[in-house]
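Have the structure open while you go through them.

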Amino acid sequence: MNPWESFIRQAGTTIAQRGLAYFMDGLVDDLEEIESGFWTASVHGSDLYFVTVETTGDEVTDWLCDCPYDGAICKHVVAVVYGIQEQNQLPYAEEPASEVSSAPGKPPKKKAGKSGGSRVDQIFARVSDADLRDFVSNVIKTEPGLKNLFLARFAGLLEEDPEKKYRTIITSTLKSATNRYGFIDYQSTHKVDRIVTSLFTTAGELYGQSNTEEAAAICRVIIEEISGIMDSADDSGGALGGYLLEAISELHTIADMAPDDLRSQLFTWCMGELSTSRYRYTGIEHDFIILLPDLVTGPHQEQAFFEYIDNGLKLARTTRRENTMWFGHSDERSLLAALMDYHERTGRNEEHIRILESNIHIPEFRMQLIEKAIDDREYDKAKKLCLDPVAMKGPGGYHQHNPYRETLLQIAKLTGDTGDIRKWSLDLFLYGWNNDAVYADYKSTWPAEQWNSACEDLITMIRDNTWKSVDGRSVSEPASKLAHIYIKEGYWQRLLLLARQNITDLRLFDNLKPLLIPHYPEEVMEMLATVIEMLSTQTGRENYRDIAARLRELSQLPGGDERTYELMKELLSTYRNRPAMKEEFKKAFPKWVQ
């Protein structure tokens with residue numbers, strides 16, 4: 001498998017297939033290598049998305065897409081990667097060269113493309129300052145949005161009131177992104193992104209020059225202006241809310257270097273902002289509160305801080321007892337976390353511990369006490385806190401990601417308790433997610449001469465579903481657990497049988513397929529053909545794209561050309577009244593389907 005295929009597989013079968021379909025449908029535009037290994041493109045989807053991909057040699061090292069997808073790799077990035085391979089003439093997908101009327105042949109070999117240096121850098125080295133200045137000046141006049149981008153990047157050079165100059169840039173940008181109905185739609189948020197990102201870059205440079213006042217002004221303006229338009233903007237991609245969080249994060253950094261007078265100003269500003277309803281539905285009131293301890297500079301501000309926390313806790317606890325909805329107010333965790341942070345900063349450690357112990361019903365606080373007990377080597381105390389029924393059955397208790405069970409395993413390893421290592425590693429492996437480390441922990445508790453027998457017992461327990469935890473839980477996703485064991489132990493024949501028995505579980509099959517191909521290429525080819533035939537009983541263009549992608553995959557297996565050709569011909573003959581399916585097959589195999 002080449003590195004390009006490996007990257008695309010990381011996206012998962014569904015995303016990979018959709019990305020290929022986007023590429024084959026010609027939805028990748030303006031693909032360009034801006035400089036060696038740095039590619040940009042626009043991809044047409046429900047909106048027009050901007051994608052960047054960085055490569056080193058034949059490997060993808062970084063990527064970015066401004067679509068709202070929150071997974072690791074989106075279909076737009078996959079589509080661009082296919083486009084890069086095509087431009088470089090890399091073998092992203094082997095296609096038989098023969099026509100539909102003849103049997104498939106071996107695909108032609110393609111030459112690797114070359115990656116040149118940056119011509120832009122060459123021009124920069126030779127162009128005069130005057131010519132470059134004239135060019136930038138003319139482009140600013142003709143390209144919408146470029147003026148604000150230019151000002152955002154270099155406004156630090158202007159000798160003007162910091163707040164005024166940056167507010168002008170932001171308000172002008174928001175105005176240009178707002179439509180005639182006073183709304184900023186999802187597509188237009190991308191216009192805002194370029195300006196705000198540039199302003200953050202400027203703020204970082206100002207901070208590096210110890211100009212904390214102007215850096216803080218940028219963050220305040222971004223917070224005030226962006227929060228002011230949240231109710232009249234489509235932030236389904238999370239970009240606008242992300243700017244607010246980033247600006248507050250920058251203020252944390254600035255506060256560490258800022259002089260007391262600036263910190264005092266920021267404290268007054270924060271308290272003023274928290275007193276408004278501006279942030280009621282933005283979700284960042286918590287972040288404002290966590291910022292406050294960084295900004296307290298004297299007894300008067302300390303008193304104001306304590307009063308704010310005290311009033312907030314009274315409201316939070318009243319609404320919690322009454323089980324009422326209270327949008328727009330800080331929750332108990334945020335307020336207590338800020339209070340403990342301040343006590344820790346001012347050396348009041350006993351008060352910090354007292355708050356933790358009196359609010360042990362909050363999982364995060366219980367975990368802090370557990371971690372402290374472990375640091376102090378009070379392992380029995382830590383175990384007791386973990387095993388408390390309130391902890392194990394409440395939030396953060398018995399579910400797949402359980403910090404208490406994980407901590408119990410950690411304690412067992414620290415104390416060398418083999419019995420507890422075996423108990424908790426088995427518990428985590430059987431009920432949690434597949435985890436190499438946990439499996440290795442369990443295996444390590446058995447002498448080498450006993451492991452084969454213990455492993456067989458484990459397999460039987462999972463297969464027959466005889467394992468039960470103390471609270472009655474059973475094995476989660478047993479087929480996946482068996483696959484994990486077979487892979488780790490090299491039981492390839494058993495893994496093949498498991499894949500056959502669970503052929504309808506496409507996610508499992510797709511995960512096992514690349515592992516089985518080196519050992520059983522012919523068997524995998526037949527299983528893949530079975531999956532394609534199974535999918536062919538369903539209709540819909542998305543399903544046809546899935547089938548076409550799997551046919552391409554089949555064709556790339558050793559000896560798969562012939563099988564692919566015959567299977568595709570059979571499907572087209574059986575389902576003659578599916579023009580959409582034929583279209584998708586033609587995109588995937590233009591030389592086979594007429």
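1. The protein chain averages a pLDDT of 85, and 89% of the residues score at least 70. Among the elements, helix α24 (residues 492-501) has the highest mean pLDDT, at 96, while helix α18 (residues 389-393) has the lowest, at 68.

2. Two stretches call for caution. Residues 325-329 have a pLDDT below 50, and this stretch makes 10 contacts in the model beyond near neighbours in sequence. Residues 395-400 also fall below 50, with 23 contacts counted in that way. Where pLDDT is low, the predicted coordinates should not be read in detail.

3. What lines the largest pocket? There are 37 lining residues, and Phe-50, Asp-66, His-190, Asp-193 and Arg-194 lie nearest the centre. The pocket holds about 1,100 Å³ of space. Elements giving two or more residues to the lining are the strands β2 (38-44), β3 (48-56) and β4 (59-65), together with α7 (162-177), α8 and α10 (239-257). Helix α8 supplies the largest share, eight residues.

4. Staying with α8 (residues 189-208), have a look at Thr-202, which sits in this helix. Is Thr-202 buried or exposed? Its relative accessible area is 3%, under the 20% cut-off, so Thr-202 counts as buried. The Thr-202 side chain reaches the backbone oxygen of Ala-152 at 2.6 Å. Leaving aside residues up to four places away in sequence, Thr-202 touches Ala-152, Arg-153, Gly-156, Tyr-166 and Ile-218.

5. Helix α12 (residues 285-295) is largely enclosed by the rest of the structure, because eight of its 11 residues are buried. The buried set includes Phe-288, Ile-289, Leu-291, Leu-292, Pro-293 and Leu-295, but also Glu-285 and Asp-294.

6. Now the charges. Side chains of opposite charge can pair when their charged atoms come close. How many salt bridges does a search of the whole structure find? The count is 38. One of them joins Arg-348 to Glu-302, with the closest N and O atoms 3.0 Å apart. Arg-348 is in the loop between α14 (332-345) and α15 (349-358), whereas Glu-302 is in helix α13 (residues 299-322), so this pair links distant parts of the chain, 46 residues apart. Arg-348 is partly exposed at 31% relative accessibility, while Glu-302 is buried at 18%.

7. Asp-310 is partly exposed, with a relative accessible area of 38%.

8. Compare that with Glu-553 and Lys-513, whose salt bridge brings the closest N and O atoms to 2.9 Å. Glu-553 lies in helix α27 (residues 541-555) and Lys-513 in helix α25 (residues 506-516), so the pair ties together parts 40 residues apart in sequence. Both ends are buried: Glu-553 at 17% relative accessibility and Lys-513 at 4%.

9. Salt bridges link Arg-18, Asp-25, Arg-541, Glu-542, Arg-545, Glu-583, Glu-584 and Lys-587.

Methods
Residues numbered from 1 in each chain as written. Predicted model: local features only at pLDDT ≥ 70, side-chain atom pairs only at ≥ 80, totals over all residues. Heavy atoms only, no water. Buried < 20%, exposed > 50% of the residue type's maximum accessible area, 1.4 Å probe, protein only. Helix = DSSP H or I, 4+ residues; strand = E, 2+ residues; numbered from the N terminus. Polar contact = N/O pair within 3.5 Å; in protein donor to acceptor, adjacent residues only side chain to side chain. Contact = heavy atoms within 4.5 Å. pLDDT = per-residue confidence, 0-100. Salt bridge = Lys/Arg side-chain N within 4 Å of Asp/Glu carboxyl O. 1 Å grid on protein atoms, 1.4 Å probe; cavity = no way out; pocket = protein on both sides within 12 Å on 5 of 7 lines; lining within 4 Å. Points joined across faces, edges and corners; volume = space filled by probe spheres on them.
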